[in-house]
Every structure is written in structure tokens, then in C-alpha cells.
Amino acid sequence: MDEWGIALIAAGSALAGSLVTGWFARSAGMRQAEAAQHAGDRQADALLHTVRLTLQEQRAVRLLDLRRQTYVAFLEAAEAATLTSRTGIGPGSDGAALQRAFGAVALEGPADVARAAREVADRLRRDDSPDDIERAKQTFISAAQAALDPAVPRPE
């Protein structure tokens, strides 16, 4: 064989080796790209899950804050009505304020808190004894505290 033949065989071998190496490198690159895309998808899913959980927690906190404000407003109205009924001193609008506050509690719920609030309002309207009214308020406070406890699962 002359030098040209050897050169052609060497060039052909180098070309074939480069093609095979390139083919395997391309295949490995494609697998790496797919793996990276899959990892990115999993990371994006995890991030979305975290965002959803954060939004749910924020919603729950807002709901509890609104309920707390509603329950406090009801207790304030009940205290004002109690003071007016005991002393005879106070604005004539205490009954209306109590009814508005009760309506807010009934809307916010849950049902056991609304029932306890109704009991307080009914006892105040009937002008029951101070001890009965205080017991009804304590029942309301207990129900409200249970409703505001985030550790207690309950249907909304």
C-alpha cells in the first residue's frame, strides 16, 4: 500500500471514530437535557405546591382574624347592653347594635358560636338574671375560642 492508501484509511478511521463519538455524545446530551427538563418540572411543581399551601394558610389566618373581630364586636355590644340594662344608663341603640353584631356572628359562624350568641342576645332581651347572662356569655366565649383555635379541624 502506498502512502495515499494509508492516509485514506487513517482519515476514514478518524472520520468514522468522530461520527460514532459524536453520535454517542449527542445521545448523552439528549438524555441529560431530558433529565434536566424533568428536574425543572419537578422543581416548578414543588414551588407551585408551596405557593398554594402559603395562600391557603394566609386565607385561614384572614378568616380567623375576621371571625375574631366579629366575636369581639358582639361581646362589646353584649357588654354595652348588659351595662345599660343593669344601670339604666346608656344609649337607646344598644339593642340595635347587639342585633347587628349578632347578625355578623350568624354570618361568620360556625353554627355552635352563632347558637351561643343567640342565647346571649335572647337572655339580654328577656332581661334575665345577671348570672344567667354571664353564663351565656361564658358559653359564647368558649365556643368562640374553640372556633378560633387553628389546631381544631372543622368543616367550613
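This is a short exchange on how terms are applied to a predicted model.

Biologist: What are the ground rules for this model?
Modeller: The model is predicted: local features need pLDDT of at least 70, side-chain atom pairs count only at pLDDT 80 or more, and totals for chains, interfaces and linings use all residues. Residues are numbered from 1 along each chain as its sequence is written, and side-chain values use heavy atoms, with hydrogens and water left out.

Biologist: Why is tryptophan 23 called exposed?
Modeller: Buried means under 20% relative accessible area, exposed over 50%, partly exposed in between (1.4 Å probe, protein chains only). Tryptophan 23 has 53% relative accessibility, so it counts as exposed. Its place is in helix H1 (residues 3–87). Helices (H or I, at least four residues) are DSSP runs, numbered from the N terminus.

Biologist: Which residues make the nonpolar surface patch?
Modeller: Val20, Trp23 and Phe24 make the patch, of about 360 Å². Patch residues have over 30% relative accessible area and no salt bridge; nonpolar side chains (Val, Leu, Ile, Met, Phe, Trp, Tyr) are joined within 5 Å, like charges within 9 Å. Accessible areas come from the Shrake-Rupley method with a 1.4 Å probe.

Biologist: Why is H1 called roughly antiparallel to helix H2?
Modeller: The axes of H1 and H2 (residues 94–108) come within 9 Å and cross at roughly 155°. That makes the two helices roughly antiparallel. Angles under 35 degrees count as roughly parallel, over 145 as roughly antiparallel, 65 to 115 as roughly perpendicular and the rest as oblique. Axes are lines fitted to C-alpha atoms over the stretch in contact, with angles from 0 to 180 degrees between N-to-C directions.

Biologist: What makes lysine 137 and glutamate 79 a salt bridge?
Modeller: The term needs a side-chain nitrogen of Lys or Arg within 4 Å of a carboxyl oxygen of Asp or Glu. Here the N to O distance is 2.7 Å, and the side chains meet in a salt bridge. The pair links distant parts of the chain: lysine 137 sits in helix H4 (residues 130–148), glutamate 79 in H1, 58 residues apart.

Biologist: Are these two partners buried or partly exposed?
Modeller: Lysine 137 has 1% relative accessibility, so it counts as buried. Glutamate 79 has 40%, so it is partly exposed.

Biologist: How many salt bridges does the structure hold?
Modeller: Nine. One of them joins arginine 125 to aspartate 122, with the closest N and O atoms 2.8 Å apart. Both lie in helix H3 (residues 111–126), three residues apart, about one turn of the helix.
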